[in-house]
Amino acid sequence: MSINLDAGQIVTDKGSFVFGEKKFEKIQTQFKKAVEKNYTFKTTEEAKEEFAKVSNNPDTIFIEYERWQEFDGFFYIYISDDNFSKSSKIEKEIINFIRKNYPEYDVDVRLSVYSSETGFTFSVECDRDFYEVFKYYNKSEFKTYSRLEMKAYFKK
């Protein structure tokens, strides 16, 4: 649920609701604005350490989700094929292969680029240890995320 007191709106999974100022007037003074803090990190390890600290802080209200919170980085898988209609089938084959042969790893596979000349490029987001053991398919070098930022909200 999201409440925007300035706009007089409440957004929930059941829909969005707008209320006039008068209906908020009675309770608006009971709410305190959260303190927003922005973080920038140099390494994924540093980011994950700070994320763990902030997550365990009793004054933390909310942390915006970033991919680095779940994975160390990504790499690409290249598959030569000139038939775009096979993209979903190939993606499912990759996912099923990984689930069957590497069930202990959490990964996210998505079609990244398609070209009728070069074929498919799938991105695989994962932890570095998965990349090291993954020996199937033509793959790129492992890349860490270039944008390591976090936004968190705290009680005053």
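Does Asp72 count as buried or exposed, and at what relative accessibility? At 19% relative accessibility, Asp72 counts as buried, where buried means under 20% relative accessible area, exposed means over 50%, and partly exposed lies in between (1.4 Å probe, protein chains only). The structure described here is a predicted model, in which local features need pLDDT of at least 70 and side-chain atom pairs count only at pLDDT 80 or more, while totals for chains, interfaces and linings use all residues. Residues are numbered from 1 along each chain as its sequence is written, and side-chain values use heavy atoms, with hydrogens and water left out.

Asp72 is found in the loop between E5 and E6, the helices (H or I, at least four residues) and strands (E, at least two) being DSSP runs numbered from the N terminus. When residues up to four places away in sequence are not counted, Asp72 touches Thr44, Lys48, Cys126, Asp127, Arg128, Phe142, Thr144 and Tyr145, a contact being defined by heavy atoms within 4.5 Å. With one of these residues, Lys48, Asp72 forms a salt bridge in which the closest N and O atoms are 2.7 Å apart; the term stands for a side-chain nitrogen of Lys or Arg within 4 Å of a carboxyl oxygen of Asp or Glu. Because Asp72 lies in the loop between E5 and strand E6 (73-79) and Lys48 in helix H2, the pair ties together parts that are 24 residues apart in sequence. Lys48 itself is partly exposed, with a relative accessible area of 24%.

Helix H2 (residues 44-56) has 13 residues and reaches 18 Å from its first C-alpha to its last, which is close to the 18 Å expected at 1.5 Å a residue, the expected span being 1.5 Å times one less than the number of residues. Thr44, Ala47 and Val54 are buried in H2. Seen down the axis of H2, the buried residues fall within an arc of 90 degrees, so they line one face of the helix, the arc being that of the directions from the helix axis to the C-beta atoms. These buried residues of H2 pack against strand E4 (35-40), strand E5 (60-63), strand E10 (143-144) and strand E11 (149-154), whereas the face turned away from the buried side carries the exposed residues Glu45, Glu49, Lys53 and Asn56.

By the rule given above, the count of salt bridges comes to 9. The side chains of Asp108 and Arg67 meet in one of them, at 2.5 Å from N to O, and this pair links distant parts of the chain, with Asp108 in strand E7 and Arg67 in the loop between E5 and E6, 41 residues apart. Asp108 counts as buried at 18% relative accessibility, while Arg67 counts as partly exposed at 24%. Arg67 also forms a salt bridge with Glu125, the closest N and O atoms being 2.6 Å apart. Here Glu125 lies in strand E8, 58 residues from Arg67, and Glu125 is buried, with a relative accessible area of 11%. Salt bridges that share partners join Arg67, Asp108, Arg110 and Glu125 into one network.

Strand E7 (residues 108-115) and strand E8 (residues 119-126) pair in the antiparallel sense over 7 bridges, pairing requiring that DSSP finds at least two bridges between the strands. E7 and E8 form a hairpin with 3 residues between them, and Tyr114 has Phe120 as its bridge partner in E8.
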